[in-house]
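This briefing sets out selected features of the structure shown below, grouped by topic for reference.

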Amino acid sequence: MSFYDYAYLTSNDAMQFVKATGVTLYITLMSLFFGTVLGVLLGLVRCSKNRVVRTLPLLVIEPLRNSPLVTQLFLIYYGLPMVSRIMLDPYPAAILALSLNTAAFMGVLVHNSVSAVPDGQWEAGLALGHSRVSTFCHVIARQALRLLVPQAITLYISQLQCSSLVALISIMDLTKLGQNLALRTLRPFLVYGIVFLIYYVISSPLAALARRLEKKLAFHY
């Protein structure tokens with residue numbers, strides 16, 4: 001590929017990549033924040049001893065886990081205005097869809113992590129005079145966290161990649177910008193190579209953080 005080929009991308013295009021990266025990170029971080037909070041709540045409710053109570057989160061978790069994210073995005077952005085007076089702009093619609101999807105998977109991770117702690121740990125905490133809440137906070141949660149954190153970060157990386165679907169509702173994220181530039185320059189390999197590289201640069205530190213935290217938490221619970 002000659003220098004002439006690279007000339008199709010201008011300094012203005014470079015700034016567009018910076019802005020699009022900011023959009024991708026904004027939508028992803030907002031979604032992960034709200035999705036994590038809701039997911040932790042759903043996961044903890046799933047750990048309830050009451051059969052009815054622990055079944056209720058499944059009404060949210062199962063449909064979201066077992067349907068494509070793109071259909072959830074379209075239902076919120078295109079479908080919701082058809083059945084109600086609620087019409088969301090692209091950004092809120094994207095954040096809502098990604099947050100709910102994240103919450104569903106996070107809820108499962110939280111439930112599985114808590115359930116993986118042996119029952120003997122509960123018995124040991126209660127035998128030492130702790131209440132169930134105190135036992136959970138000081139004994140169970142620390143061990144569950146060791147299992148949860150690496151899986152949660154892997155989920156975050158996956159959701160970062162899934163955020164590319166917001167391009168389908170005309171949000172100018174990295175993927176949408178890549179589509180526009182590829183059509184304009186007729187250099188899809190170059191343009192999508194840059195998009196690929198940016199996603200990789202963002203995701204790699206998260207993967208490294210997951211490995212580091214896994215090692216650190218292994219010695220602190």
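**A buried arginine and the overall fold**

R46 is buried but takes part in no salt bridge, and E62, the nearest side chain of opposite charge, is 6.7 Å away. Here a salt bridge requires a side-chain nitrogen of Lys or Arg within 4 Å of a carboxyl oxygen of Asp or Glu; Lys and Arg count as positive, Asp and Glu as negative, while His and the chain ends are not counted. Buried denotes under 20% relative accessible area, exposed over 50%, and partly exposed the range in between (1.4 Å probe, protein chains only).

The model is predicted: local features need pLDDT of at least 70 and side-chain atom pairs count only at pLDDT 80 or more, whereas totals for chains, interfaces and linings use all residues. Residues are numbered from 1 along each chain as its sequence is written, and side-chain values use heavy atoms, with hydrogens and water left out.

**Fold and setting of R46**

- The protein chain has 10 helices and zero strands, where helices (H or I, at least four residues) and strands (E, at least two) are DSSP runs numbered from the N terminus.
- Of the 221 residues in the protein chain, 38% are buried.
- R46 is located in helix 2.
- A polar atom of the R46 side chain lies 2.8 Å from the backbone oxygen of R54.

**Salt bridges**

- By the rule stated above, there are two salt bridges.
- One of them joins D13 and R184, whose closest N and O atoms are 2.7 Å apart. This pair links distant parts of the chain, with D13 in helix 2 and R184 in helix 9 (residues 174-185), 171 residues apart.
- D13 has 2% relative accessibility and therefore counts as buried, whereas R184, at 46%, is partly exposed.
- A salt bridge also connects the side chains of R65 and E62, at 3.2 Å from N to O. These two residues are three apart in helix 4 (residues 58-65), so about one helical turn separates R65 and E62.
- R65 is partly exposed at 32% relative accessibility, and E62 is partly exposed at 31%.

**Aromatic pairs**

- Rings of Phe, Tyr and Trp (its six-membered ring) pair if their centres lie within 6.5 Å; planes under 30 degrees apart count as stacked, over 60 as edge-to-face, and the rest as tilted. The count by this rule is three aromatic pairs.
- The ring centres of F33 and F34 are 5.3 Å apart and the planes are at 70°, so this pair is edge-to-face.
- The F74 and Y78 rings also form an edge-to-face pair, because their centres are 5.4 Å apart and their planes are at 65°.
- F74 and Y78 are four residues apart in helix 5 (residues 69-83), so about one helical turn separates them.
- F74 is partly exposed at 32% relative accessible area, as is Y78 at 43%.
- F74, Y77 and Y78 make up one aromatic cluster.

**Nonpolar surface patch**

- F33, F34, V37 and L41 form a nonpolar patch on the surface, with about 400 Å² of accessible area together.
- Patches consist of residues with over 30% relative accessible area and no salt bridge, joining like charges within 9 Å and nonpolar side chains (Val, Leu, Ile, Met, Phe, Trp, Tyr) within 5 Å. Accessible areas come from the Shrake-Rupley method with a 1.4 Å probe; for residues, only the protein chains shown count as cover.
- F34 lies in helix 2 (residues 11-46) and is partly exposed at 41%, whereas F33 counts as exposed at 51% relative accessibility.

Definitions and conventions
A polar contact is a pair of N or O atoms within 3.5 Å; within protein, one must be able to donate a hydrogen and the other to accept it, and residues adjacent in sequence count only if both atoms are side-chain atoms.
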